[in-house]
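Subject: Structure for you to look at

Hello,

Here is the structure I promised to pass on. Please open it beside this email and follow along.

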Amino acid sequence: MQNYKTRPIKFRVWNIEKKEMVKSNSLTFHEYVTIEDQFADDEYVFTQYIGVNDSIGNEIYEGDIVSVSNDDYHETAAYEVVYGSKVDNYPAFYLKGFDSESNSFCEIFDSGNYTCVVIGNVFENYELLVN
């Protein structure tokens with residue numbers, strides 16, 4: 001039987017009212033209360049770690065903005081990390097707007113032609129996505 005490595009399940013939480021990112025390990029969870037009941041949708045946005053680190057070792061989370069540089073063509077652009085697919089709702093994280101025939105993260109990290117660095121997130125740095 002082959003051994004499979006599972007990715008760590010981690011979350012970050014955006015506090016809408018306080019306009020700050022909260023690390024999930026600093027949240028207090030109450031026994032027998034669902035997350036939905038404890039954290040109202042209009043107060044918090046949970047973002048999940050995608051299981052991959054950027055080119056310099058930073059964890060990448062849903063909602064992050066990453067700068068992707070194509071080392072062959074010397075082009076750089078910023079993309080939002082999202083969950084779901086452009087086609088058929090395939091369950092995976094990808095980069096919104098990144099033109100790729102396969103999953104954008106597979107192309108970036110498997111090809112060796114790209115550098116990918118987290119430069120912010122959509123909650124605090126949305127202006128980084130505006131060209």
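Which residue lies over the face of Tyr-49? Lys-10 does, at 5.3 Å from the ring centre.

One caution before the rest. This is a predicted model.

**The overall layout**

Start with the fold. The chain has two helices and eight strands. Going along the sequence, the order is β-β-α-β-β-β-β-β-α-β. The chain has 131 residues, and 34% of them count as buried. Now take the contacts between residues at least 6 apart in sequence. Of these, 51% join residues at least 24 apart.

**The nonpolar core**

Next, look inside. In soluble globular proteins, nonpolar side chains tend to be buried together. The largest nonpolar core here has 13 residues. Val-66, Val-68, Val-81 and Leu-95 touch the most other members. Which elements supply at least two residues each? They are β5 (64-70), β6, β7, α2 and β8 (114-121).

Leave out residues up to four places away in sequence, and Val-81 still touches Ile-50, Ile-60, Tyr-61, Glu-62, Gly-63, Asp-64, Val-66, Phe-93, Tyr-94, Leu-95 and Phe-105.

**The aromatic rings**

Now the rings. A pair of aromatic rings is described by the distance of the centres and the angle of the planes. The whole structure holds seven aromatic pairs. Two of them are worth a close look.

One is Phe-11 with Phe-46. Their centres are 6.3 Å apart, with 75° between the planes, and the pair is edge-to-face. Phe-11 sits in strand β1 (residues 11-15) and Phe-46 in strand β3 (residues 44-53), so this pair ties together parts that are 35 residues apart in sequence. Phe-11 is partly exposed, at 32% relative accessibility. Phe-46 is partly exposed too, with a relative accessible area of 29%.

Another pair is Tyr-79 with Phe-98. This one is also edge-to-face, at 5.4 Å centre to centre and 80° between the planes. Tyr-79 belongs to strand β6 (residues 75-83), and Phe-98 to the loop between β7 and α2, so the pair ties together parts that are 19 residues apart in sequence. Tyr-79 and Phe-98 are both buried. Tyr-114 joins in as well: ring pairs link Tyr-79, Phe-98 and Tyr-114 into a cluster.

**Two serines**

Stay with the loop between β7 (93-96) and α2 (104-111). Ser-100 is found there. Ser-100 has 13% relative accessibility, so it counts as buried. What does its side chain contact? The side chain of Ser-100 makes a polar contact with the side chain of Glu-107, at 2.7 Å.

Ser-67 is in strand β5. Its relative accessibility is 16%, so Ser-67 counts as buried. Setting aside residues up to four places away in sequence, Ser-67 touches Thr-76, Ala-77, Ala-78, Thr-115, Cys-116, Val-117 and Ile-119.

**Cysteines**

How many disulfides does a search of the whole structure find? It finds zero. Cys-116, one of the contacts of Ser-67, is buried at 0% relative accessibility. Cys-106 is partly exposed, at 41%.

**Two backbone angles to check**

Last, two residues in loops. Lys-19 has a positive phi of about 55°, although it is not a glycine. Lys-19 lies in the loop between β1 and β2 (20-23). With a relative accessible area of 60%, Lys-19 is exposed.

His-74 has a positive phi as well, near 55°, and is not a glycine either. Its place is the loop between β5 and β6. At 72% relative accessibility, His-74 counts as exposed.

That is the tour. Over to you.

Best wishes

Note on methods. Residues are numbered from 1 along each chain as its sequence is written. This is a predicted model: local features need pLDDT of at least 70, side-chain atom pairs count only at pLDDT 80 or more; totals for chains, interfaces and linings use all residues. Side-chain values use heavy atoms; hydrogens and water are left out. Helices (H or I, at least four residues) and strands (E, at least two) are DSSP runs, numbered from the N terminus. Buried means under 20% relative accessible area, exposed over 50%, partly exposed in between (1.4 Å probe, protein chains only). A polar contact is a pair of N or O atoms within 3.5 Å; within protein, one must be able to donate a hydrogen and the other to accept it, and residues adjacent in sequence count only if both atoms are side-chain atoms. Rings of Phe, Tyr and Trp (its six-membered ring) pair if their centres lie within 6.5 Å; planes under 30 degrees apart count as stacked, over 60 as edge-to-face and the rest as tilted. A charge sits over a ring if NZ of Lys or CZ of Arg is within 6 Å of the ring centre and within 35 degrees of the ring normal. A nonpolar core is a set of buried Ala, Val, Leu, Ile, Met, Phe, Trp, Tyr and Cys residues joined through side-chain atoms within 4.5 Å. Contact means heavy atoms within 4.5 Å. A disulfide is a pair of cysteine sulfur atoms within 2.5 Å.
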